[in-house]
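This briefing looks at one helix and at the charged pairs of a protein model. Keep the sequence and the 3D view open while reading.

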Amino acid sequence: LNGVIKNEGFFKLYNGLSAGLLRQATYTTTRLGVYNALQEHFTDPSGKPPSFALKAAMGMTSGAFAAMVGNPAEVALIRMSADGLMPAAERRGYRNVFDALFRITREEGVLTLWRACTPTVVRAMVVNAAQLATYAQCKELILKSGQVKDGIGVHFMASMVSGLVTTIASMPVDIVKTRLQNMRYVNGVPEYTGIVHVVKSITGKEGVLALWKGFLPYYSRLGPHT
């Protein structure tokens, strides 16, 4: 944080904000809408909640749908957020998310908006299976214990546990997805040929633990977000 503020200014912390807002409007709205619809459908008429396995399956399904809808905003967000790390001559300089989407479509083709869609879908399935199912299960167990009454405390505890599980499970997929979405072409040749190439490159050059690089800031975002 200090490095970004010192070298690029405070407002660089919010670089890509418009893309982040569009991603939330598309991805989050879709995943919660689909998940709630599935939960209502599979809840027993007696009021008994679905099993943990079914909650996980519903989370994976809602995540997959949401990822496909939100992938264009995701690509724009990744590029806008990482632009400051590029050499000055290679920066894309998108003004906002709509400028990014228009230029990507014009310069690289509309299908580029769904680049790395497969790892994005896999990541969303992992995140939602872990996040939504774990949150619901933790909340249920906490309330069953009778030690804590339903309220903000229960939601906070369930969210932080869910965020921890989700961070551990999803970070490797998220890092692979980010590298693919932000890669460049050199003389028409892509930096990576696919998911396996990215994983081999990261683990070979940086070590296996590099797949969890940035664990603390990732969890610091995901816990409260949950």
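Which residue just after H7 takes a positive phi? That residue is Gly 207, with a phi of about 95°. The model is a predicted one.

**Helix H7**

- Helix H7 covers residues 195-206, which makes twelve residues.
- From the first C-alpha to the last, H7 reaches 16 Å, close to the 16 Å expected at 1.5 Å a residue.
- Three residues of H7 are buried: Val 198, Ser 201 and Ile 202. Seen down the helix axis, the buried residues of H7 fall within an arc of 95°, so they line one face of the helix.
- An α-helix has 3.6 residues a turn, so residues three or four places apart point the same way.
- The buried residues of H7 pack against helix H6, which spans 152-181.
- On the face turned away from the buried side, H7 carries the exposed residues Val 196, Lys 200 and Gly 204.

- Glu 206 and Lys 213 meet through their side chains in a salt bridge, at 2.8 Å from N to O.
- Glu 206 counts as partly exposed because its relative accessibility is 34%, between the cut-offs of 20% and 50%.
- Lys 213 has a relative accessible area of 52% and is therefore exposed, since the cut-off is over 50%.

**Other salt bridges**

- How many salt bridges does the structure hold? It holds 14 salt bridges.
- Side chains of opposite charge can pair when their charged atoms come close.
- Arg 106 and Glu 107 form one of these pairs, with their side chains meeting at 3.5 Å, N to O. Arg 106 counts as exposed at 55% relative accessibility, whereas Glu 107 is partly exposed at 46%.
- The side chains of Arg 115 and Glu 108 also meet in a salt bridge, at 3.7 Å from N to O.
- Is Arg 115 buried or exposed? Arg 115 is buried, because its relative accessible area of 13% is under 20%.

**A network**

- Five residues are linked in a network of salt bridges: Arg 23, Glu 74, Arg 123, Asp 174 and Lys 177.

Methods:
Residues are numbered from 1 along each chain as its sequence is written. This is a predicted model: local features need pLDDT of at least 70, side-chain atom pairs count only at pLDDT 80 or more; totals for chains, interfaces and linings use all residues. Side-chain values use heavy atoms; hydrogens and water are left out. Helices (H or I, at least four residues) and strands (E, at least two) are DSSP runs, numbered from the N terminus. The expected span of a helix is 1.5 Å times one less than its number of residues. Buried means under 20% relative accessible area, exposed over 50%, partly exposed in between (1.4 Å probe, protein chains only). The arc is that of the directions from the helix axis to the C-beta atoms. Contact means heavy atoms within 4.5 Å. A salt bridge is a side-chain nitrogen of Lys or Arg within 4 Å of a carboxyl oxygen of Asp or Glu.
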